[in-house]
Amino acid sequence: MEVSWPSLLEAIAQCHACRLRAGCTRVVPGEGNPRARLLLIGEGPGREEDRLGRPFVGEAGQLLDRMLASIGLTRADVYIANAVKCRPPRNRTPEPDEIAACLPFLRAQTALIRPQIIVLLGATALRAVLGPQMRITRDRGRWVERKGVWMMPMFHPAALLRDESKKRPTWDDLRQVRDKLEALHG
């Protein structure tokens, strides 16, 4: 069965597969270039994202915008999604069953976008996509290739706001992403 953007967005909007939907204001499917070469995946919506229905719009989102600019990209160049589409209560980490309920949507988005590179922002996105054995502090900065798609785990922008020491390794990761995009383009 071929999935289209309109049918996928409608399915996300109508979803009640887990308990997160009951507590959210707005579902946050993601946004950006539907044919982006780079897909960024975060954890889930926070308070501002839930209010506005857009991913990464709070302080961490502003930092993400600066991170993208540092490698010559804007939001218009990428697609930004999350492991879960509804805000967890009190911004807690999504539970495994909540992530599992949203995973088919994330897979469908990825299939429609067909990115060359996926950046996994933080532990939740890393484990949702590459498995529960993965650890962000151990595995960040290392390329993983699956089905012709290159994936780079890196620290979530919110982690950088809490811990300045994570900024330097994240800059190194961003440069790797920039270089890989250039290499794949040529």
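## Helices, strands and the model

Helices here are DSSP runs of H or I with at least four residues, numbered from the N terminus. Bear in mind that what you're looking at is a predicted model.

## Two residues with positive phi

Start with Phe 56, which sits in the loop linking helix 3 (47–52) and helix 4 (59–70). Its phi is positive, about 50°, even though Phe 56 isn't a glycine. Phe 56 counts as buried because its relative accessibility is 5%, with the cut-off for buried set at under 20%.

Then there's Lys 147, another non-glycine residue with a positive phi of about 50°. You'll find Lys 147 in the loop between strand 5 (144–146) and strand 6 (149–154). Lys 147 has a relative accessibility of 87%, so it counts as exposed; the cut-off there is over 50%.

## Cysteines without disulfides

Searching the whole structure turns up zero of them.

Take Cys 86: the closest cysteine sulfur belongs to Cys 24 and lies 3.5 Å away, so that's too far for a bond. A pair would have to come within 2.5 Å to count. Cys 86 itself is buried, at 8% relative accessibility.

Methods: Residues are numbered from 1 along each chain as its sequence is written. This is a predicted model: local features need pLDDT of at least 70, side-chain atom pairs count only at pLDDT 80 or more; totals for chains, interfaces and linings use all residues. Side-chain values use heavy atoms; hydrogens and water are left out. Buried means under 20% relative accessible area, exposed over 50%, partly exposed in between (1.4 Å probe, protein chains only).
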